[in-house]
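Subject: Structure handover

Hello,

Here is the structure for your files. Please open it next to this email; my notes follow below.

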Amino acid sequence: RQVMELLPALRSSLERGLATQGAEVVLVEDGAVVGIEPRPSLVRTATRSRHDEGDVSSFAEDLSECIDERYKQLCRRMRLRVSPVACRALQTLGLGGEAMPKEFAGKGYLGNRGAKAVFLALGKGELLGDDAGQPPECESDFFEHGLKHLKRLDLVAQGIGNDAALALADALPQLPSLTALDVSRNHISKTGAHQLLLAIERHDALREVKIDGNPVPSWIRVRLAEVMERQAQASISRRMSSTR
């Protein structure tokens, strides 16, 4: 079944004259590929070629499936129940959503470990452990492009603790267009909040971060406010420069 699913991309790559070294290809009289043992690198090349043609819809579907598969593999490794609501939310983000779907706020309580799995799926880290299984073929595209459409991330009262906060901090570089992050009413303390603060300082797009209702030291709150003010001023300066 997996072979048959790969055939369209492989046929496209063959038509473009891409290298087939290390792959066994059998052709019948009408030119259709009927048997193959594909090289992963060849599949990734074919996928990138399709994306280069501007097939945005296909790329979004690949990205959505990639994030979903990463999340499921992480849940298996962490021995967590896969959350259908989290799956739908990740698929929505992969398809170009600017925010989590509305149902996520009401039905998608994650807990600390569940949130960690979601954030690890969004981040650039390797899947956990040697027995985590093969990473999805589209990971190279996901790591290259990230989730460029995501602008708002509402994670209020999701049971997020320090472990999940650390994973979220690692995931922020994959969310280059994120402007608003709300982690209010969670369980993030000094360790997680400090790593989030460092990641936020390096994130040019973020303009609003809410951490109310977490046991965060006052100095982190003060520093976060200073970072937000500095980034807002930098954004205004850039806009003024671009209009001159």
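A cavity here is a set of grid points where a 1.4 Å probe fits but cannot get out. Its volume is the space filled by probe spheres set on those points. Please keep in mind that this is a predicted model.

First, the cavity search. The largest cavity holds about 80 Å³ of space.

What lines the largest cavity? The lining is made of L181, V183, I188, A193, L196, L197, I200, V209, I211, V216, I220 and L224. By type, the lining has twelve nonpolar residues, no polar ones and no charged ones.

α9 (190-201) and α10 (218-243) each give at least two residues to the lining of the largest cavity. Which element supplies the largest share of that lining? That is α9, with four residues.

Next, the sheet. In general, strands of a sheet pair through backbone hydrogen bonds, either parallel or antiparallel. This model has an open sheet of three strands, in the order β3-β4-β5, and the pairing is parallel. β3 (152-154) and β5 (208-210) are the edge strands, and each pairs on one side only. From one strand to the next, the twist averages 5°.

One pair in detail. β3 runs parallel to β4 (residues 180-182), and three bridges join them.

Best wishes

Terms used. Residues are numbered from 1 along each chain as its sequence is written. This is a predicted model: local features need pLDDT of at least 70, side-chain atom pairs count only at pLDDT 80 or more; totals for chains, interfaces and linings use all residues. Side-chain values use heavy atoms; hydrogens and water are left out. On a 1 Å grid over the protein atoms alone, a cavity is a set of points where a 1.4 Å probe fits but cannot get out, and a pocket is an open set with protein on both sides within 12 Å along at least five of seven lines; lining residues have an atom within 4 Å of a point. Ala, Val, Leu, Ile, Met, Phe, Trp, Tyr, Cys and Pro count as nonpolar, Asp, Glu, Lys and Arg as charged, and the others, Gly among them, as polar. Two strands pair if DSSP finds at least two bridges between them. Axes are lines fitted to C-alpha atoms, for helices over the stretch in contact, and angles run from 0 to 180 degrees between N-to-C directions.
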